[in-house]
Amino acid sequence: MATFLYKVGRFAFRRRWYVALVWVALLGVAGFGAASASTATSSSFSIPGTEAQKAFDLLEERFPGGSADGATARVVFKAPEGQKMSDADNKADVEKIVGELESGSDQIASVADPYTADAVSEDGSTAYISVSYKVNAMELTDETRESLEHVGEAAQSDGLTVEIGGDALQVMPETGATEVIGVAVAAVVLVITFGSLIAAGLPLLTALVGVGIGVSLITALANVLDLGSTTSILAMMIGLAVGIDYALFIVSRYRAELAEGRKHEEAAGRAVGTAGSAVVFAGLTVVIALVGLAVVNIPMLTKMGFAAAGTVAIAVLIALTLVPAMLGFAGKRVMGRKARKAAEAENRPDAKPNMGTRWARFVLRKPVWVLLAGVVGLGVIAVPAASLEMGLPDDGSQPKSTTQRQAYDLLSDGFGPGFNGPLLVVVDTKNSEDGKTAVAQVSQGIEASGHVAAVTPATFNKAGDAATLTVVPKDRPSSTDTENVVHAIRDAGADIRSETGAEVLVTGATAMNIDFSQKMNDALLPYLALVVGLAFLLLMVVFRSLLVPLKAALGFLLSVVAALGAVVAVFQWGWLGSLFGVEQTGPIMSMMPIFMVGVVFGLAMDYEVFLVTRMREAYVHGETPSEAIVTGFRHGARVVSAAAVIMMAVFAGFIGSSESMIKMIGFSLAIAVFFDAFVVRMAVVPAVLALLGRRAWWLPRWLDRALPSVDVEGEALREEPAAAGPPEGPSGGERELSRV
């Protein structure tokens with residue numbers, strides 16, 4: 001592989017104009033496709049194989065035209081102190097609004113008058129209008145949404161409190177300007193790392209080109225592939241981070257080759273042949289982790305994983321082709337005068353050891369203490385993960401300043417906490433001899449089960465072979481009691497089916513959330529086994545070792561559990577919540593742990609591959625295990641640290657998003673990268689390698705013969721002295737001996 005990538009690097013450097021034009025053309029085509037594509041709608045949310053999804057499908061089949069997947073809204077009213085919603089003036093205001101809503105948009109399917117739909121609280125202080133739409137929230141026009149937003153202004157001027165809940169006001173998530181700050185931080189780190197504006201600008205420029213192509217393609221195909229509104233944001237988040245990191249690895253190795261006296265084209269070829277090999281395998285682990293999300297069998301999550309994986313693949317291709325091409329344009333300017341002097345000073349035999357060298361030597365002196373400190377420290381941070389509660393966000397998790405959250409609170413105060421999470425029970429009576437009796441039995445059984453505030457009368461379809469009942473739990477949607485109600489109805493449904501032939505199914509947002517969380521829990525271990533297993537095989541090929549990949553996988557699990565502990569502490573317990581803009585604590589989003597596992601595993605392997613391949617390279621070329629650890633840190637610690645800080649800055653930039661899922665994922669990825677890069681890879685990994693010694697690189701002979709040879713260390717390149725040309729530096733021979 002090293003030889004092939006070496007040729008790719010030299011070709012891209014030599015034919016830089018053609019390579020650059022190809023990527024610019026791809027960016028232009030993708031951008032044109034995105035600009036000409038119609039606006040994306042929200043991705044249809046389905047959970048194949050669950051009872052809630054089965055009930056939802058049955059509703060669409062038996063109740064055609066019911067807009068089962070249409071947007072909904074609740075316009076909630078609260079009377080002034082001392083008044084009731086049944087007072088004549090208040091009633092007139094509400095009925096006027098009902099009329100305005102009915103005539104306000106042709107996208108409205110139905111509007112329920114609270115005075116005829118029994119939607120006034122017992123104390124008379126609160127009432128609400130239910131609005132159903134023919135299309136989902138992302139397909140609502142601006143005019144429809146604006147008419148809903150302004151519908152209660154006249155009533156508010158008369159003293160009524162008017163708030164609007166439901167998903168009809170859902171808009172595309174906003175990430176704000178904080179991600180721009182993340183890119184700015186990345187730029188500062190690159191300038192400090194390279195000491196050259198040109199060298200610092202290259203990774204940023206190439207990463208932006210890659211993200212531009214990836215996100216533009218996602219936007220262009222959003223309607224065709226039914227991609228959700230958050231897919232492009234997550235692809236941008238991951239693509240920007242890995243794009244900068246991969247380019248950073250190539251540019252760093254290129255500068256190291258120049259410092260050793262290589263010619264520019266030769267340096268570019270060797271940089272791509274060595275660091276590029278690490279980039280390929282690091283990228284493969286990220287792609288495996290993201291594509292592996294398909295095992296969960298939730299279409300939305302699968303599409304998110306594939307879209308992000310595609311962006312990562314583009315980042316790898318750009319690192320191998322566009323980066324060496326841009327290095328050709330940069331010429332000598334990629335090495336500033338100060339950076340060149342610093343590199344020459346660092347390569348002298350009498351040079352002072354850098355920070356990476358000093359740290360590696362410290363770990364070699366105290367490997368047991370460093371290992372214990374890292375493991376125990378992360379273990380303590382991981383403790384809150386034992387209290388992890390999962391769910392999906394609803395209006396109750398919105399900031400308190402939003403109208404959706406205030407409507408949620410008004411409904412909870414006026415009608416009870418469970419009113420915000422009603423359950424929809426669907427009874428299929430097609431195979432029942434007496435459907436009405438079966439439905440009545442279901443209703444009576446639910447009322448007698450406890451923890452239920454109300455059960456509405458059954459509504460049959462025109463054919464009379466299906467009925468729906470709305471069940472209002474006593475507790476809030478995310479509570480354990482509400483989950484128990486769902487399970488109790490389903491358990492009772494099994495008995496009713498055996499007695500009457502009628503099938504009882506529970507759906508609705510609350511039931512969907514419960515089924516979604518359960519599916520996430522069930523898929524986590526198989527997903528871990530698949531992803532870690534495949535990556536273990538990949539790393540075994542790269543490192544020609546059994547223990548090094550095992551150590552990499554165990555270190556990753558440690559950092560992920562610690563990151564989950566931090567997420568629980570901040571978003572569920574509220575510790576330091578104000579610092580991260582968390583206005584409302586609650587259950588952790590169901591898809592977050594498995595998504596974090598997938599992304600962080602791939603990113604963690606970036607640092608493992610880049611840092612440990614340097615050690616492996618040194619060990620293969622004759623150094624002792626201890627010397628190889630020091631060499632790996634001397635050349636790789638600064639780059640890996642810079643890459644981690646950049647990735648953290650990019651992810652942390654998304655904490656400012658108005659979308660709770662984006663905020664939580666941004667925080668979790670940033671903190672996980674911190675734990676993995678600075679604790680696991682910088683402390684635990686060298687400590688374990690120091691304790692293992694030569695055993696770390698042991699591989700059975702039969703397995704060594706069976707595994708393909710990929711030459712990540714660039715051994716074949718060292719056997720081609722003619723291609724290298726004469727060294728350009730004053731002490732090229734000495735530098736060649738010291739190079740790893």
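Reply: Gly 182 has a relative accessibility of 4% and therefore counts as buried; buried means under 20% relative accessible area, exposed over 50%, and partly exposed in between, with a 1.4 Å probe and protein chains only. This is a predicted model, in which local features need pLDDT of at least 70, side-chain atom pairs count only at pLDDT 80 or more, and totals for chains, interfaces and linings use all residues. Residues are numbered from 1 along each chain as its sequence is written, and side-chain values use heavy atoms, with hydrogens and water left out.

Me: In which helix is Gly 182 found, and with which residues is Gly 182 in contact, leaving aside neighbours within four places in sequence?

Reply: Contact means heavy atoms within 4.5 Å. Gly 182 belongs to helix α7 (residues 178–194), and, apart from neighbours within four places in sequence, Gly 182 contacts Ala 649 and Val 650. The C-alpha atoms of Gly 182 and Met 647 are 8.7 Å from each other, although 465 residues separate the two along the chain.

Me: How is the packing of two helices described?

Reply: Two packed helices are described by the angle between their axes and the distance between the axes. Here, helix α20 (residues 591–620) and helix α21 (residues 625–652) have axes that come within 8 Å and cross at roughly 160 degrees; axes are lines fitted to C-alpha atoms over the stretch in contact, and angles run from 0 to 180 degrees between N-to-C directions. That makes α20 roughly antiparallel to α21, a term for angles over 145 degrees.

Conventions:
Helices (H or I, at least four residues) and strands (E, at least two) are DSSP runs, numbered from the N terminus. Angles under 35 degrees count as roughly parallel, over 145 as roughly antiparallel, 65 to 115 as roughly perpendicular and the rest as oblique.
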